[in-house]
Amino acid sequence: MVFYRGVKRPIAIIYKSLNSSICSGHDYSTLTRYGNSIAKSGGYFHQHGNGPRSCAVSIRRYSAEISSSEQMNLIKQLRERTSAPIKEVKAALVTSNWDIEAAQKDLRKRGIVLASKKSSRTAAEGLLALAQNERKAAVIELNCETDFVARNEIFQYLALSLAKLALLLEGSQQSFAAFPIGHLEELKLNLDHPKLSGEKSVQNAITEVAAMMGENVKLRRGFAMSAPSLGVISTYLHTSPQPGVGRIAGILSLEVEDKNVSEDALQRVGSELAMHVVAAKPLFLTKEDVSSDALSNEREILKSQAESSGKPQIAVEKMVEGRLRKYFEEVVLMEQKFIVNDTMNVKTLLSNLSKDVGSPVKIGSFLRMEVGEGLQGLEASNETEPLANAA
């Protein structure tokens, strides 16, 4: 017959061991019940009653009690709730002893800290978001660090929400204008996304998304353009993953003198011209808009190039004028070859449109924006924020 040593232990010793203090470590919790008295040691819940002390029962809850499949399920649930990186999700759950509610709260607290630490990193990727109604268009640039985050639906939802908010801003009477980002950041957003909801300030919403994405997220700039009293405003977005967002935006207004002109014809040509602005990258609307500094600088470069050929001065002057016309065709919108039909320039296109609609048509203003343009050089030189290609 085999006897286990534990069986031979006196009842008094067993009773004493059950009533002894039990330590609590970080990997388990201890719950001891004495009649009506409950004590949870090691920094846990304490409640002591006045009832008689009776036999004690101790229970230890180890994190090992949660199976691997349950742990993975909790990680998945918390990641779906917050969209935080898996590493941060798991760390929060472990810290909270796999309590998903406590982990979510801890993750949000730490997320704010993580976002602030990342705010100094360069964010040159991202998206433009555009919102438009009959009388106005607004475009904003929301930056992040990688194109992976730019493809995220939460990031895109925030960008669109910011553009819609910018559309509501009361702007100046100018045809187009940059609006102050600092003012926009102080406004409130009403968000309705499964992972980003409720009323928040713009700045808090950006910080929360930065925590979810694990990257620096920054609202860089924004512009609004008003439609003319007679005419239309047209827009185009290039590399657009969904309506309203893209990497390059073109906005253009067409003005007419007759209120009876068909807007359909104007919108058709306006949309093509907005696409042209994106593709051709004009810097000026007309030759007269080219600054004297830019013109003299270009003329000096062209003259130096022509003189190096060794030709007579008369020939050099003709070469400079010819190359200057080429320069205008490259940077002036009205002089550029129309990308949809390169047998004509934009000036000829508008002349033909004016005949078709029975009223003079002209471009009021245009705007071209591209994600991250000039950002690396801007941060390296600490210069002020550039506007955009606009006229």
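The entries below go from the whole chain down to single residues.

**Ground rules.** I'm working from a predicted model, where local features need pLDDT of at least 70, side-chain atom pairs count only at pLDDT 80 or more, and totals for chains, interfaces and linings use all residues. Residues are numbered from 1 along each chain as its sequence is written, and side-chain values use heavy atoms, with hydrogens and water left out.

**Whole chain.** I found 13 helices and 15 strands in the chain; these are DSSP runs numbered from the N terminus (helices H or I, at least four residues; strands E, at least two). Of the 391 residues, 41% count as buried. Buried here is under 20% relative accessible area, exposed is over 50%, and partly exposed is in between (1.4 Å probe, protein chains only). I then looked at contacts (heavy atoms within 4.5 Å). Among those between residues at least 6 apart in sequence, 62% join residues at least 24 apart.

**Helix 6 and helix 8.** I took helix 6 (residues 153–167) against helix 8 (residues 202–213): their axes come within 10 Å and cross at roughly 165°. Axes are lines fitted to C-alpha atoms, for helices over the stretch in contact, and angles run from 0 to 180 degrees between N-to-C directions. Helix 6 and helix 8 are therefore roughly antiparallel. My cut-offs for that wording are under 35 degrees for roughly parallel, over 145 for roughly antiparallel, 65 to 115 for roughly perpendicular, and oblique for the rest. I noted the crossing of helix 6 and helix 8 as left-handed; that means the near helix is turned anticlockwise from the far one by less than a right angle, while clockwise is right-handed. On the helix 6 side I listed I154, L158, L162 and L165, which meet V202, A205, I206, V209, M212 and M213 of helix 8. The residues in this contact come out as ten nonpolar, no polar and no charged. For these classes, Ala, Val, Leu, Ile, Met, Phe, Trp, Tyr, Cys and Pro are nonpolar, Asp, Glu, Lys and Arg are charged, and the others, Gly among them, are polar.

**L160, also in helix 6.** L160 lies in helix 6 and is buried, at 14% relative accessible area. Leaving aside neighbours within four places in sequence, I see L160 in contact with A129, Q242, P243, G244 and V245.

**Helix 2 and helix 3.** Helix 2 (residues 68–82) packs on helix 3 (residues 86–95) at about 120°, axes 9 Å apart. This crossing is right-handed. L74, I75, L78, R79 and T82 of helix 2 meet I86, V89, K90 and L93 of helix 3. I get six nonpolar, one polar and two charged residues in that contact.

**Two arginines.** What does the side chain of R221 meet? R221 is in strand 10 (residues 218–226) and is buried at 5%. Its side chain makes a polar contact of 2.6 Å with that of E141. By polar contact I mean a pair of N or O atoms within 3.5 Å; within protein, one must be able to donate a hydrogen and the other to accept it, and residues adjacent in sequence count only if both atoms are side-chain atoms. A polar atom of the R221 side chain also lies 3.1 Å from the backbone oxygen of E370.

R368 sits in strand 14 (residues 361–370) and counts as buried at 3% relative accessibility. Its side chain reaches the backbone oxygen of V278 at 3.0 Å, and one of its polar atoms is 3.4 Å from the backbone oxygen of V277.
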